Amino acid sequence: MAIDQKARYAYILEYYDSQAEMIRRYQLLYFLADDTIEMHDIKNRRIFLKRCQYDGIKLSDFFVGSIVNIYSRNLTVVEYADEFTRSANVKNHQRTLAMIKPDAFKNAGSIISAINNAGFRIANMKVFSLSRTEAEEFYSVHRNREFFDGLVDFMQQKPIMALELVKSNAILDWRAFMGPTNSNTARQNAPKSIRARYGTDGRMNAVHGSDSAENAIKEINFFFGTGHKFTSTAQFSDSASSCCLIKPHAFKENITGEILQEILNNKNFAIGALQLFSLSKENAADMLEVYKGVISEYVAMVDELSSGPLIAIEIIAKGTDKQHGVNQFRDFVGPFDPQIAKILRPNTLRAKFGINKIRNAIHCTDLPEDGNLEVEYFFHLLQ
């Protein structure tokens, strides 16, 4: 059936203009017939961007809370501009909370790959370390159950990863994809489920998922809302800390999980902190300032780093040679140019996942004295 040439979705977007120190609001129209966009400056009541196609922008990128990058501006979708758009998007972009529990954290990369392959979009991601009080609050609905104390103790053992997932029918689809609560039952009845593949038993069952729309909102707000202040898991461990960024192109290409699992499998490193960010062009320029005037690709590097969501990770060197942690991780990442890496260091991350000097999958700290500074930038200053 032909698409109505006039059919379009309408969104309200906000952009923080750091030079003017003000928030600018736009209405964006997405035309279904030819996948074109048009933007209007709401305050000034004029066209900001004439109708055109924009590479890298898809209809699935637009839902409340998402960030889209248009001409180096990170614009946040804050509301739907009409009832037609709201109705369609509420149906197609349901949210749920997923949690990777302590027992499965070592397999977090593989689980993220499975999540991406199942058609879920990751709208938010962060590593947390729960205190007893926080674990009790999250599982308060089970407070009078006999397994409550054991569950709370288990959730304090190691870091967990919380993810906000978006998909049509996300709540039920994620619960089905997790599998039965008991991992042994899952292996019998749903052998391809997450709990069957990565869980141990009824308590150590790898993952958690919201069980209703009401609880999804509550649980997403628990981890990603503004009402609760968690202690950072970052260790800021001087020469042992190195900063790793999984770049926007890698996130868009759904290879984040594969890269993360390679890091988790390396016994020389541990993850101190991890979080999804979307950098403004100014933030990206600040982050990469050390390369300005040194590397000819600097401007293109800034454009790439501010082109969409990225994953920032604090890498902690393990073993007896911690003072050389930055150098160790840089060697693991490989040469700046993936084409050179494929020839000289084929087992490195950039050789496996990079495309060119700009889209080389990973940024890592180059100089030992900069490791803690870059980690501080993401896990202290940007917080």
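This is a predicted model: local features need pLDDT of at least 70, side-chain atom pairs count only at pLDDT 80 or more; totals for chains, interfaces and linings use all residues.

Student: What joins E11 to E13, and which way do they run?

Tutor: Six bridges join strand E11 (residues 241–246) to E13, and the two run antiparallel. Ala-312 turns up again here, as the bridge partner of Leu-245.

Student: How many residues of E13 are buried?

Tutor: Nine of its nine, so the strand, residues 309–317, is mostly covered. Pro-309, Ile-311, Ile-313, Ile-315 and Ala-317 point one way, while Leu-310, Ala-312, Glu-314 and Ile-316 point the other way, and all are buried.

Student: What does Ile-313 touch?

Tutor: Leaving aside neighbours within four places in sequence, its contacts include Ser-242, Cys-243, Cys-244, Leu-260, Ile-263 and Phe-379. Ile-313 is also one of the residues with the most contacts inside the largest nonpolar core, along with Met-161, Ile-259 and Ile-263.

Student: How many residues does that core have, and which helix gives the most to it?

Tutor: The core has 47 residues. Helix H2 (residues 108–117) gives the most, with five residues. Apart from it lies another core, of 24 residues, and Tyr-11, Leu-13, Tyr-26 and Leu-32 are among them.

Student: Why do nonpolar side chains end up together like that?

Tutor: As a general pattern, nonpolar side chains in soluble globular proteins tend to be buried together.

Student: Switching topic: what's going on around E3?

Tutor: Five of the six residues of strand E3 (residues 36–41) are buried, so it is largely enclosed by the rest of the structure. Strand E2 (residues 22–31) is joined to E3 by six bridges, running antiparallel, and Leu-29 stands opposite Glu-38 there. On to E4 (residues 46–52): four bridges join it to E3, again antiparallel, with Met-39 and Leu-49 as bridge partners.

Student: What about the turns between those strands?

Tutor: The hairpin of E2 and E3 has four residues between the strands, and Asp-35 takes a positive phi near 55°. The hairpin of E3 and E4 has four residues between them too, and Arg-45 in the turn has a positive phi of about 55°.

Student: And aromatics? How many pairs are there?

Tutor: There are 23 aromatic pairs. Take Phe-222 and Phe-223: their ring centres are 4.9 Å apart and the planes sit at 85°, so the pair is edge-to-face.

Student: Are those two buried or exposed?

Tutor: The cut-off for buried is under 20% relative accessible area. Phe-222 is at 10%, so it's buried, and Phe-223, at 4%, counts as buried as well. Both belong to a cluster linked by ring pairs, together with Phe-128, Phe-138, Tyr-139, Phe-224 and Phe-230.

Student: Which charged ends sit over rings?

Tutor: Arg-73 has its charged end over the ring of Tyr-15, 5.5 Å from the centre. The charged end of Lys-167 sits over the ring of Phe-120, 5.4 Å from its centre.

Student: Last one: what about the chain overall?

Tutor: It has 16 helices and 14 strands, and 50% of the 383 residues count as buried.

Methods:
Residues are numbered from 1 along each chain as its sequence is written. Side-chain values use heavy atoms; hydrogens and water are left out. A nonpolar core is a set of buried Ala, Val, Leu, Ile, Met, Phe, Trp, Tyr and Cys residues joined through side-chain atoms within 4.5 Å. Buried means under 20% relative accessible area, exposed over 50%, partly exposed in between (1.4 Å probe, protein chains only). Contact means heavy atoms within 4.5 Å. Two strands pair if DSSP finds at least two bridges between them. Rings of Phe, Tyr and Trp (its six-membered ring) pair if their centres lie within 6.5 Å; planes under 30 degrees apart count as stacked, over 60 as edge-to-face and the rest as tilted. A charge sits over a ring if NZ of Lys or CZ of Arg is within 6 Å of the ring centre and within 35 degrees of the ring normal.
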